[in-house]
Number of protein chains: 4
Amino acid sequence: MTLKQRLYRIIFESDTYTGRMFDVWLLVFIVLSIAVVMLESMPAVRELYHSKLISLEWFFTFIFTIEYFTRIYCAPNRKKYLFSFLGVVDFLAIIPTYIAFTFPDAQTFIVIRAIRLLRVYRILKLYHFVRAGNLLLLAIRRSLRKIFIFMMFILILVVMLGSIMYVVEDGKNGFYSIPLSIYWAVITLTTVGYGDIVPVTALGKFLATFIMLLGYSIIAIPTGIVSVEMSRTFRDRTESDKECHGCGEPNHT
Amino acid sequence: MTLKQRLYRIIFESDTYTGRMFDVWLLVFIVLSIAVVMLESMPAVRELYHSKLISLEWFFTFIFTIEYFTRIYCAPNRKKYLFSFLGVVDFLAIIPTYIAFTFPDAQTFIVIRAIRLLRVYRILKLYHFVRAGNLLLLAIRRSLRKIFIFMMFILILVVMLGSIMYVVEDGKNGFYSIPLSIYWAVITLTTVGYGDIVPVTALGKFLATFIMLLGYSIIAIPTGIVSVEMSRTFRDRTESDKECHGCGEPNHT
Amino acid sequence: MTLKQRLYRIIFESDTYTGRMFDVWLLVFIVLSIAVVMLESMPAVRELYHSKLISLEWFFTFIFTIEYFTRIYCAPNRKKYLFSFLGVVDFLAIIPTYIAFTFPDAQTFIVIRAIRLLRVYRILKLYHFVRAGNLLLLAIRRSLRKIFIFMMFILILVVMLGSIMYVVEDGKNGFYSIPLSIYWAVITLTTVGYGDIVPVTALGKFLATFIMLLGYSIIAIPTGIVSVEMSRTFRDRTESDKECHGCGEPNHT
Amino acid sequence: MTLKQRLYRIIFESDTYTGRMFDVWLLVFIVLSIAVVMLESMPAVRELYHSKLISLEWFFTFIFTIEYFTRIYCAPNRKKYLFSFLGVVDFLAIIPTYIAFTFPDAQTFIVIRAIRLLRVYRILKLYHFVRAGNLLLLAIRRSLRKIFIFMMFILILVVMLGSIMYVVEDGKNGFYSIPLSIYWAVITLTTVGYGDIVPVTALGKFLATFIMLLGYSIIAIPTGIVSVEMSRTFRDRTESDKECHGCGEPNHT
């Protein structure tokens, strides 16, 4: 077994002790590097520990850079890895620090650093979680078309209701424009209810009541769709998987 | 094939290349015209680009007017088209601009212009979305009677709870009248929770706690109704449609 | 057929034209009398039309009093009617006005007058709505025990979380006592979110985040319970009712 | 039957009249002692009745202490009882008062006293509620793995969305740091919507709209999971329990 193959087994797989240890450490580094990004964004912390956080940031970037190039080195198909979803995420996890070093407008790149969290997905992928996750994803994919139609319906509804409320509240009390009124309609229909925009006129309150009751009822639609598709997906899987025992997954009888 | 028939095929159907192109452009015009209505409602934008937005508004109205008369011209049954749901929507999509021109109290008619969004439905209707949408609609129609009873129950509940809170809060702290207290009860029961009206007395807070827990639980009722009806609808359809293969719809096994 | 029997058929049943007309008028009077109670509670309206509303109130009370005594007269079993749920509601619908006349502290009795709305139930009971409503009630009754356990769990959870937050926020920022903190915990867990009490400390916000995610997830439990019981109830009913056709109820195949 | 055995039957079981009376009184004492903890936390009440509440507190602690030692005395396996979940709860229910007496920093220990509420579970355990409760627990345990994956997904989502909003709102308007922005993202996604932090920029509001609609839709996922697992659990149980009649549980046909 060449070095390249051995590295591949450690970095990309998890069937050896070293491979599992690598996963654990990678997970630790990802979580810690996200913690550094968060701490850096807190004014009180940044003032006190700015230089230390920058050092830690460089340390994690250094680690992830080495890891990235090792992955490129030992990937069986380099091009495929580089342009795969996880390959791009690996790249985006290291590049912001270098850009922020060259152009010191660091702030804007903080977001991209948060993308590191997606790297956790690689580790999850290797373990049993993914099987149950795939069932979930399959059920969600099966209901996507219906959910999409539901969303189109919500969108049309929200534009209509927002326009009506704009006229009813006469462009006052926070309903200054149709887009703002639509923003309010979404807040109300989804039962979020910030309370930053609130109807003031009697008719506005009456319509708001109607929208709330509507939002309270139609949440049943996506829930119903997903329930039905999940029920079907889990049942199908149970039937086709009946020969596979003892893996702890409740889908096997 | 006469001109009338050819126009019919382009405007009303989507089985030709020209017909599909017509749909795409109509969709673009509808979305843009809604965007104009929205932009016009924003004070900052209106101040700067008022005349340009008016021109665009007339441009879209002109297009939709031509389209409307062409539809009348080539409809096989003109009276049926004119008084169909989509025919009325087509009419309401153009009339506000002409009225606003004659009587310059434009504001009030903005709402009606938002109805143009419903025209999107015509285009959706022609494509595959509608099949899944129809299944949804069928399931919803089947659960309507039960949802209606649930809504009656919620209405009675909300009037009673509102009246009690009006007395408990003694007509103060935003609970100035029974209708306002009902408005609060709806906000609380549907878990919207604006926070514009909030109980202040200890007893009021205790009752509010009870209403919140109630609202949190009874949302299970419409959800349960719709889930069950969807489950039945999708199963029925699957059984009766078994001969129809390969359309990508997951309802076919 | 005696007068008593004829009156019984009109007032208590709905299988004659006169009986149905009686129901319609009763419904109208109930809704109008509730409207009067609401209008009277609105300060602006009360100031202007106080005497007119009082007259209307007496008019409706007069009508309901006559109806009440006629019901007593023609009920086959008077004692049973008087102490039945609807008999008590009929009594509570007329008594507040008389009490408010004797002791002019009317305010407190407004609530009891809102109970008139429950009289609508009598009319609904006579028509087809009740069949679907009974199915709903049966499903809800079947899930009550499980919902009760869920509510016990929520109650214990909310008391514990409220106590923790009281200590975390150190009795400040609205968390002045454990009952108030429990009130906040219910607002947060049920996703109502008034925003009248809000955590201020970092630890308080962290815990709040946890409570929100918990509330967002465990709403699945009552929903799941009710969905399953409804599914079973509707299926059972469908099987036992197969002989009864053509009533428009989707439970019959 | 020795004294020890007789005491065991009264305290730990509920198949005798004395045992049931013991349960009722224990329940009363637990609820009252929680009420005392709550009252003590209310500034207005504490000022007036401080010494009386302290006396009551000592009274309940005294009762629970006697009960605790009697339980230890008559438990068949003392070590097992002492380290069982309910044994630890019994211990934690009495110890705070003694600690608060020795070190008068009582405040912090109030939380631990609230743990007494968990003792209610012992009493519930003895009665029929638990059977339905166990079915619920089984269904929840079966769906835990999928719920966990869902929660991981929500966590990653919320960190990403919070980071994006931190940049979009430019660290202003309450979005002062990434953790605070994540706190806002959880408030919005779970549809709690306090309104203490609210987007101010147009882009921020647009993204908030998107997050609300997302939160409104993905609540369908845990609901779907739990519904499906409950459906399966209740069905399995029904089939295996068919021989057990007449216990009032709807799971038996």
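This briefing covers the interface of chain C and chain D in a predicted model. Local features need pLDDT of at least 70 and side-chain atom pairs count only at pLDDT 80 or more, while totals for chains, interfaces and linings use all residues. Residues are numbered from 1 along each chain as its sequence is written, chains are lettered from A in the order in which they are written, and side-chain values use heavy atoms, with hydrogens and water left out.

**Extent of the interface**

- Chain C brings 47 residues to the contact and chain D brings 53 residues, where contact means heavy atoms within 4.5 Å.
- About 4,200 Å² is buried between chain C and chain D, and carbon and sulfur atoms give 76% of that area; buried area is the accessible area (1.4 Å probe) that two parts lose on being put together, summed over both.

**The side of chain C that touches chain D**

- The elements of chain C that give two or more residues to this side are α8 (129-168), α9 (178-189), α10 (202-218) and α11 (220-240); helices are DSSP runs (H or I, at least four residues), numbered from the N terminus.
- The most comes from α8(C), with 14 residues.

**Relation of the copies**

- The copies use different surfaces, as 17% of the contact residues of chain C recur in chain D.
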